[in-house]
Every structure is written in structure tokens, then in C-alpha cells.
Amino acid sequence: MASGSTFVMAGPDLSADDLRALRRWMIDTGDLRGPFDLRQADPRPGELGSLTDALVVAAGSGGAVTALAGVLISWLRHRTTDLTIKVTRPDGSSLEVSGSRVRGLDAPALGAEIERLAGQLAAAAPPAVEAGEKGTTDARA
């Protein structure tokens, strides 16, 4: 993966407040250098202003991608609601990370999940798709 790769995080479940909370979590953990930019959507006809619709994160090296995977899973694990984050990779392909089952994972399972997600984030091609799933990662071991 080239230095300065950019990942876009969004999702129909994610509100502007969720995206701001995820950005704050990334800044507070200190594992990532950023930048962490909130992307604003253009207002639709009849709306007074733009809404935050995505979080854009630059991650340079393989270690930064692993840190990004760890921060995403950690944030999802500490949420009280089940959210799904769509992550668009630098090559334009995307995958989804669902927090519905990460809260109960033990330390070894969390480590394995972070490594798996980091590999998918760093991959140049879309992740392998299991039968019945279309580019979805359920964030479970």
C-alpha cells in the first residue's frame, strides 16, 4: 500500500454525531496520526446547510492500517448500539464492518479480528466474499 492512503468511513446507520465521536476516539487513542477530516455533503434543495456524511482518514504504512483496524473495532465494541461502518479503500473498493458481535470477543479473538480487518483494509482487491454476503465483514472471529 502506498504512503498516504486515504480511507473513507460512512454508513446509513452513522449519524453526524457518530462520525464526530469516531473522529474524537481516533484522536484520543493516539495510535493514529491522521489527519481525520469530517466530510460535508452538499445541502439538498430546501436544506439550510450541509451535513457531515463521512470521516476521511489518511493512513500511511501497514502499521497505520493495523492501528486503524484496531481503533475501528475498539470504537464499535464500546458502542451501546449496533452500527455498521462502510470503509472505502484507496482503490475505490469497500467493505463493511459490523459491531454487532465484537463486544463479547476475548483478547485473542479481538487480536485475530484486528489482523483480519487490517489485511482487508490493505488489500488492493475487494475482500473474499462468503456465500450470501456481498463485501460484508461482520467483525467477528
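Why does Leu 68 count as buried? Leu 68 has 0% relative accessibility, so it falls in the buried class; here buried means under 20% relative accessible area, exposed means over 50%, and partly exposed lies in between (1.4 Å probe, protein chains only).

Before we walk further, a word on what you are looking at. This is a predicted model, in which local features need pLDDT of at least 70 and side-chain atom pairs count only at pLDDT 80 or more, while totals for chains, interfaces and linings use all residues. Residues are numbered from 1 along each chain as its sequence is written, and side-chain values use heavy atoms, with hydrogens and water left out. The pLDDT is the predictor's confidence in each residue, from 0 to 100. The protein chain has an average pLDDT of 78, and 77% of the residues score at least 70. Over residues 125-141, however, the pLDDT is below 50, although this stretch has 39 contacts in the model beyond near neighbours in sequence. A contact means heavy atoms within 4.5 Å.

Now for the overall plan. The protein chain has three helices and six strands, and from the N terminus on they run β-α-β-β-α-β-β-α-β. Helices (H or I, at least four residues) and strands (E, at least two) are DSSP runs, numbered from the N terminus. Of the 141 residues, 40% count as buried. Among contacts with a separation of 6 or more, 67% are between residues 24 or more positions apart.

Let us start with strand S1, residues 5-10. Five of its six residues are buried, so S1 is largely enclosed by the rest of the structure. S1 pairs with S4 in the antiparallel sense over three bridges; two strands pair if DSSP finds at least two bridges between them. You can look for Ala 10, which stands opposite Lys 86 in S4.

Next comes helix H1, residues 16-29. Its 14 residues should span 20 Å at 1.5 Å a residue, and its end C-alpha atoms are 20 Å apart, which agrees. The expected span is 1.5 Å times one less than the number of residues. Which residues of H1 are buried? They are Asp 18, Leu 19, Leu 22 and Met 26. These four cover an arc of only 100° around the axis, which puts them on the same side of H1; the arc is that of the directions from the helix axis to the C-beta atoms. On the other side of H1, Asp 17 and Asp 28 are exposed. After H1 comes Gly 30, with a positive phi near 75°.

Asp 18 leads us to another part of the chain. Its side chain is joined to that of Arg 79 by a polar contact of 2.7 Å. A polar contact is a pair of N or O atoms within 3.5 Å; within protein, one must be able to donate a hydrogen and the other to accept it, and residues adjacent in sequence count only if both atoms are side-chain atoms. Arg 79 lies in the loop between helix H2 (62-77) and strand S4 (84-88). Leaving aside neighbours within four places in sequence, Arg 79 is in contact with Asp 18, Ala 21 and Arg 103.

Finally, back to Leu 68, which sits in helix H2. Leu 68 and Met 26 are 42 residues apart in sequence and 8.2 Å apart in space, C-alpha to C-alpha. Beyond its neighbours within four places in sequence, Leu 68 has contacts that include Phe 7, Met 9 and Met 26.
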